[in-house]
2 protein chains.
Amino acid sequence: MKGLKNKNFIPNLSFDCVIFGFNGKLLKILILEYQNTGVYALPGGFIEIDQSIDDAAKQGVKERTGLDNVYLDQFYIFGNVERADPDHMKRILTANNDNTKENSWMLERFNTVGYYALINYEEVSPTPDEYSDSIGWYAIDELPKLMMDHNNIVEKALQVLRSNLSEKLIGMNLLPSKFTMKQLQMVFEAVLDQKLRRTTFQRKMLSLDILERHEKLFQGKAHKAPYQYSFK
Amino acid sequence: MKGLKNKNFIPNLSFDCVIFGFNGKLLKILILEYQNTGVYALPGGFIEIDQSIDDAAKQGVKERTGLDNVYLDQFYIFGNVERADPDHMKRILTANNDNTKENSWMLERFNTVGYYALINYEEVSPTPDEYSDSIGWYAIDELPKLMMDHNNIVEKALQVLRSNLSEKLIGMNLLPSKFTMKQLQMVFEAVLDQKLRRTTFQRKMLSLDILERHEKLFQGKAHKAPYQYSFK
DNA sequence: GCTTATTGTCTCATTTTATGACAATAATCC
DNA sequence: GGATTATTGTCATAAAATGAGACAATAAGC
């Protein structure tokens, strides 16, 4: 919600992003905490009158993560009337000494477009927005209570991610460009929240003909070094 | 777009419905033709300020088809800036002798929420809206050129329907409550646009444990009569 | 050179799917 | 009423995919 003032936004419409990252073990998402409020929320924002919704979301992700060219997928629009939450919004504005009438439109009912992003955890420098004093990674099974229906948005994003993971082969976006078979398997396990068989997984992935094999990765461990792969 | 005047709509937001029906052989969708314009479009409408988007779409489907309790799924929001199409819209308003300033907001940029509906073809009485003089079924591979990006919306709806058909088992919604295995197979074939093996399909459907078997259907044909089924 | 943990690749068993075969009908035609 | 016809429900076998384990090939430590 950077630079809210003096902009022409589409009224009653916002976007929210569930930004997924994988730290090597756990699937995590980026959560903002608003200044002096104890209110947690998904990164999001508004859409300018001459801006596509996709571009607005892209820009939002870039501002929070510093990343360009991120895998970003719009998955749902949340359009219940009960979404309006003037109380929380007032607390955020008040905490920022922003009681101007010109921002009172933020108290109205909003429909929000849900996006999920998959990013390479290592490359990110999380940056809070103008109303927030912190932004951080939270494991998906240790989320705080989020404002409005944001927990619900996360839940839906996770469902969509799970069903898209194998079908659309998007797991790569959570990894560096080169990775081992084990890393890839751990991404699948973290997203699907279930253990997979090593041999079956390996055979499946190789048979899909989507991986390119590179040099081995020597980790200084007392065992055979694994090959590295990248997606074709 | 019934009763546009004197209503409080959410600005810059609309919905459009791809209403699928199956006539026994072909997958079809409902298309409107606007009066005296030669402009074809998907049924759609606007959302009242105190109405959920889902409810608005539900109401829209009911007005066009007469049907309640329809399978309805929101699948995407189309939010490109280029969606605005003031020329077409002006033609529609002019053809209806509606040059009032109060409806000039319809010329602005709109984001539209895409829904697809699956209905029982036999139960429908298609009804045009206040700006249209005809509504009719068109086979999905014989669509006219639709206004704005509506052809694109149909294309995306079809993609989503195809990927949801087996996964979510929603084929039933295109059939009467009782149907034969052959009818069900023809729905799958029409949606997926490919031939399926009879024995494999039958075995698969029965193994899913979602069908209830009823009395046979005697069609007066010189061969064994098929059982009828319904979904559990 | 011996030990250790992990990796890449087989093998065999099990399950699922493909493909064809076949008997059991409903109605029609002599 | 018996033969004919087309379609249906189900089974039999072949082929493919997956599950589950075995095992040799390493890198590094001792």
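Let me start with how the two copies meet: 100% of the interface residues of chain A are also interface residues in chain B, so the copies meet through the same surface. Please keep in mind that this is a predicted model, in which local features need pLDDT of at least 70 and side-chain atom pairs count only at pLDDT 80 or more, whereas totals for chains, interfaces and linings use all residues. Residues are numbered from 1 along each chain as its sequence is written, while chains are lettered from A and ligands numbered from 1 in the order in which they are written.

Chain A is superposed on chain B by a rotation of 180 degrees with 0.1 Å of shift along its axis, at an RMSD of 0.1 Å, and that is the relation of a two-fold axis. The superposition is by least squares on the C-alpha atoms of residues with pLDDT of at least 70 in both copies.

Now to chain A itself, whose secondary structure comes to five helices and ten strands, where helices (H or I, at least four residues) and strands (E, at least two) are DSSP runs numbered from the N terminus. Its C-alpha atoms fill a box of roughly 65 × 30 × 30 Å along the principal axes. One open sheet of chain A has three strands in the order E8-E10-E9, with antiparallel pairing, and its edge strands, E8 (179-180) and E9 (211-216), each pair on one side only. Pairing here requires that DSSP find at least two bridges between two strands; E8(A) and E10(A), residues 227-231, are joined by two bridges in the antiparallel sense, and A:Thr180 stands opposite A:Gln228.

Finally, consider B:His150, which lies in helix H3 (residues 150-168) of chain B. With 22 C-beta neighbours inside 10 Å, B:His150 counts as buried, the cut-offs being 20 or more other C-beta atoms within 10 Å for buried, 12 or fewer for exposed, and partly exposed in between, with C-beta atoms placed from the backbone. B:His150 and B:Asp16 are 134 residues apart in sequence, yet 8.4 Å apart in space, C-alpha to C-alpha.

Note on methods. Two residues are in contact if their C-beta atoms, placed from the backbone, lie within 7 Å.
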